[in-house]
Amino acid sequence: MKTPIGSLNPAIRTVHIWGGGVAGLLMGHFLSRQGFEIQLYEKTDRLGGKIQSHQLPEGVIEEGPNAIFATAEIETWLHSLGLTVIPATPKLKRRLWNGTPLAPMSFGLALKLLPKLFKRTPSVNDGITVAQFFRPLLGVHVDSLLSPALQGIYGCGADDLTIASVWPQLKAGRYWRVLRSLKSTSARSVSFPRGMAEFIQALASTIKGQIHLNHTGAFELRPNTIICTEAPMASQLLNGSWAEGARLLQRLEYLPLSSVTVLAPEISETRGVFGYLFPRASGVNALGALFNREIFPQRAGVTFILPGTDDVEARVKTDLHKLSWPAGPLKMHSWTKALPRYNQTRTSTLKALQHDPERPFELVLFGNYVAGISLRDMIQTASSFAGAQAPL
Ligand SMILES: Cc1cc2nc3c(=O)[nH]c(=O)nc-3n(C[C@H](O)[C@H](O)[C@H](O)COP(=O)(O)OP(=O)(O)OC[C@H]3O[C@@H](n4cnc5c(N)ncnc54)[C@H](O)[C@@H]3O)c2cc1C
């Protein structure tokens with residue numbers, strides 16, 4: 001099961017949360033529901049971390065996440081927060097672009113893969129990459145199909161991700177059985193009329209206790225502290241109180257990424273399409289592009305996600321030229337630590353953090369490096385963690 005690292009003492013009814021991104025706010029929300037008093041410390045002047053929406057005359061644009069891939073249970077919970085939930089336009093096509101837009105799975109390819117579904121997978125060990133695991137089934141399509149799809153979630157391809165990190169529960173066996181076990185419960189992408197920031201505001205409004213913005217006070221490891229910052233910052237905070245934890249947290253690697261929303265006039269190719277994924281062989285700089293206005297009617301433009309933080313404007317303009325799309329005003333945002341790498345180092349570091357005998361009691365580590373990168377994973381993990389902290 002996906003869980004945060006560490007545990008709380010339910011006899012102590014105050015919790016100190018460091019970091020006001022979605023991880024910290026989710027913990028604050030679900031623990032408030034369990035009757036805890038929350039003290040939440042955010043170092044900047046705004047909540048949400050990577051979730052930031054902007055209202056422009058053209059429509060809403062998002063700096064980071066644009067949707068929650070929500071189960072029916074999550075949607076019910078979102079309604080209970082007083083949110084109006086907007087589902088993504090149904091039946092949009094997803095396309096790979098390699099000189100021209102292509103359906104990810106053609107009938108011919110499906111037919112070719114069919115007999116291979118009865119092959120046995122390689123055995124699962126900690127170091128095996130997603131590419132190594134799926135290459136006997138997919139062959140070259142690991143690079144042309146699987147990697148682009150993973151890039152859209154993890155910011156890197158199948159060679160840079162390990163099975164144990166991405167799918168910790170996955171077991172070796174025949175491919176058809178493995179694929180069946182990976183098929184997720186039904187879910188759909190949802191957002192809110194004024195964008196993802198509404199979700200952040202709704203969570204913050206449910207927190208019972210105090211939210212301290214612009215918090216610059218020194219970190220103090222008090223009983224029931226939850227650190228919800230990126231791992232390198234968690235390392236800095238813990239330096240004086242858990243030396244081994246601080247050393248381990250430094251090992252976690254992050255990917256730099258940029259998002260660029262192009263506010264171009266309507267582009268006819270985007271109609272009826274969710275977005276494009278760009279295989280590396282396409283020569284396009286971006287990993288993918290989301291057709292915002294198609295997905296949610298209140299949104300504007302097309303958002304490109306690019307690896308790295310350098311020459312962002314020039315690289316997007318090259319991509320627009322390659323796609324023969326018009327340029328328009330650009331809204332750019334870069335993160336040097338956009339997403340944690342879901343690799344072997346992460347798996348072994350989390351195990352070491354979990355089992356270190358010096359780990360302080362009543363300290364919890366949570367964030368997107370711990371128990372899943374997606375908002376859905378984080379909601380489910382925070383909810384079940386808080387649910388287990390019933391008063392003694
Ligand atoms: C471009 C992009 C697109 C994405 N799209 C999606 C999507 O569509 N759907 C989806 O499910 N997921 C998506 N994700 C993933 C998801 O956005 C992240 O996993 C999630 O937002 C991370 O939240 P977090 O709270 O762990 O970290 P953060 O958002 O980084 O929050 C950390 C917070 O801690 C604060 N902080 C740092 N240091 C201190 C300190 N010393 N004291 C107090 N506070 C501190 C920061 O200011 C920040 O507010 C996307 C990610 C990116 C980068």
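Predicted model: local features only at pLDDT ≥ 70, side-chain atom pairs only at ≥ 80, totals over all residues.
User: What makes the protein agree with a compact globule in its radius of gyration?

Analyst: For 392 residues, a compact globule would have a radius of gyration near 21 Å, and because the protein has 21 Å, the two agree. Along its principal axes, the C-alpha trace spans about 60 × 55 × 40 Å.

User: How do you know which residues of the protein count as buried, and what percentage do?

Analyst: A residue is buried if 20 or more other C-beta atoms lie within 10 Å of its own, and by that criterion 41% of the 392 residues count as buried.

User: Why are strand E1 and strand E11 called edge strands?

Analyst: The open sheet has 6 strands in the order E1-E18-E12-E2-E3-E11, with mixed pairing. Strand E1 (5-6) and strand E11 (209-212) each pair on one side only, and they are its edge strands.

User: What makes strand E2 and strand E12 a pair?

Analyst: Two strands pair if DSSP finds at least two bridges between them; strand E2 (residues 14-18) and strand E12 (residues 225-227) have 3 bridges, in the parallel sense, and therefore count as paired. Isoleucine 17 has isoleucine 226 in E12 as its bridge partner.

User: How do you know which domains the shell around the ligand draws on?

Analyst: At least three residues of the shell come from each of domain 1 (1-85 + 192-253 + 341-392) and domain 2 (91-187 + 254-340). By class, the shell has 19 nonpolar, 14 polar and 5 charged residues, and of the 38 residues around the ligand, Gly19, Gly21, Gly49, Pro65 and Asn368 come nearest.

Note on methods: Residues numbered from 1 in each chain as written. Near = placed C-beta within 6 Å. Nonpolar A, V, L, I, M, F, W, Y, C, P; charged D, E, K, R; others polar. Domains from an automatic or database assignment. Rg over C-alpha atoms; globule rule 2.2 N^0.38 Å. Buried ≥ 20, exposed ≤ 12 C-beta atoms within 10 Å, placed from the backbone. Helix = DSSP H or I, 4+ residues; strand = E, 2+ residues; numbered from the N terminus.
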